[in-house]
Each structure stands twice: as structure tokens, then as C-alpha cells.
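Work through the exercises below with the sequence and the model at hand, and try each task before reading its solution.

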Amino acid sequence: MKAVVFDMDGVLFDTEMVCMKSWMAVAEANGLPGMEDVFPECIGLNANDSRTVVLNAYGEDFDYPAFRQQTAEWFQAYIRKNGLPVKPGAEELLNWLWQEKYAVGLASSTKRETVLGHLEQAGLRERFSAVVTGDMVEHSKPCPDIYLMACGELGVKPEQAYAVEDSPNGIRAAYGAGMRPIMVPDMIAPDEEMRRLSFLIRKDLREVLIYLRQEKEKG
């Protein structure tokens, strides 16, 4: 195996939970029922596909841009106050991959400006040779496009790369691309489908590092 491609939200940063809080807070402020059911459907999707889910729930006349603007403001206020929550083991794993000369990429459904901002804030930008984001593809996860693009930018075949994901949509995308999906569950526990599609399931990034070290030692 030559490469590892990471999702960002819920994998490198504990931002999926913050995002959920922002959606729930804005929904409550605007009297929108059922957001606790709508938000999970959007995990792993880019803005275009999330928009479709939200409009299906609240109608074609729903002001989605205004809603996302409010959630973004809530999210940014939270990060300014509390800092960017980096997942345990993220820096250690990325540093080890860099030292071992793996090709490392990022494939996130989040827009590029936000992704690069988070990576810079956490001091992790230099660890990634390729960064592919949701606004670079028409349809993000569960479609495989974003992972195929990441592998292309890294110069590796999909079957030569692991994909580290937390969400079912991300696992489906990586599996569809022909990669080896490693699931590190965040907000959604693995079900039978995820156990079938995942090459590996580990509870956190530290366990992923242990596995990769063992595989490296085997040669």
C-alpha cells in the first residue's frame, strides 16, 4: 500500500459534532422540526447534495443559503471560542505517515476554503500532498468521484490506497472507488453494511496507527 487518504470532519477533527450542534441550534431558532433526522442524512455530503436532502425535508421554497449562512456563523463562533478540536492520534498518525514516505491525501465534502483554513489552524497542511474538497466535484460522497480525484492527484491507483472515514457515505465512496476503507466511527455506529464494505474498523486513529505499523513491519 502506497497511500492513505483521509476524510476531515469526524476523522481528523471533532467538527461533525459541532456542525450538528450548529444545525440544531439554527433549526430551533427558526422553528424547524425534525432536524435531528435530517442532519444525519447530510453527513459526508457536499453542499449541493446536502441542499437536496434539506429541500426534500422542508420544501423547495426553503431558504437553504440563509440557513447555511446561519449555521456557518454559529460554527465559526464556536470554534473561535473553543478552538478547533483535533481528534486524538491525528497528529501522531500523520507524522508517522510522513516519516514513512506514504502519499497522504485528504478528501472532504466540505468546501475548500474551510478545509484549508482548518488544516492551517491545526498546523497540518504540510502533511497533505493532495487536498480534494466538495466544491471540486458535482456530487461528493457516496459517489466515488472525490476519492478517485484524490488518488489521481497522489499518483496512485485506488487499490494502492487506504481511505480513513467515519461516515457510511464516506465508506461507500471509498469502497466504490476501489480503495481499502478503514472506518473510524464518529457519530454513526457501523452496521452490517459498513462491516461488509469496510476493510477494517478501528475505534480511533491511534488504533489505525498500530495497524499500519504492524503491516509495515511485516513488509
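**Exercise 1.** Find which residue of β4 is the bridge partner of A3, and state how β1 and β4 run.

*Solution.* The bridge partner of A3 in β4 is A161, and β1 and β4 run parallel, joined by four bridges. Strands are DSSP runs of E with at least two residues, and helices are runs of H or I with at least four, both numbered from the N terminus; two strands pair if DSSP finds at least two bridges between them. Next, turn to β2 (residues 103-108), which is likewise parallel to β1 and joined to it by four bridges; here V4 has V104 as its bridge partner. Finally, look at the side chains of β1 (residues 3-6): A3 and V5 point one way, V4 and F6 point the other way, and all are buried, where buried means under 20% relative accessible area, exposed over 50% and partly exposed in between (1.4 Å probe, protein chains only).

The model is predicted, so local features need pLDDT of at least 70 and side-chain atom pairs pLDDT 80 or more, whereas totals for chains, interfaces and linings use all residues. Residues are numbered from 1 along each chain as its sequence is written, and side-chain values use heavy atoms, with hydrogens and water left out.

**Exercise 2.** Locate D166 and determine which side chain of opposite charge is nearest to it.

*Solution.* D166 lies in the loop between β4 (161-165) and α8 (168-177).

**Exercise 3.** Describe the geometry of the aromatic pair formed by W23 and F39.

*Solution.* The search of the whole structure finds 10 aromatic pairs, a pair being rings of Phe, Tyr or Trp (its six-membered ring) with centres within 6.5 Å, stacked if the planes are under 30 degrees apart, edge-to-face if over 60 and tilted otherwise. W23 and F39 form an edge-to-face pair, 5.3 Å centre to centre with 70 degrees between the planes. This pair links helix α1 (residues 15-29), which holds W23, to helix α2 (residues 35-42), which holds F39, across 16 residues. W23 counts as buried because its relative accessibility is 2%.

Note on methods: Lys, Arg positive; Asp, Glu negative; His and termini not counted. Salt bridge = Lys/Arg side-chain N within 4 Å of Asp/Glu carboxyl O.
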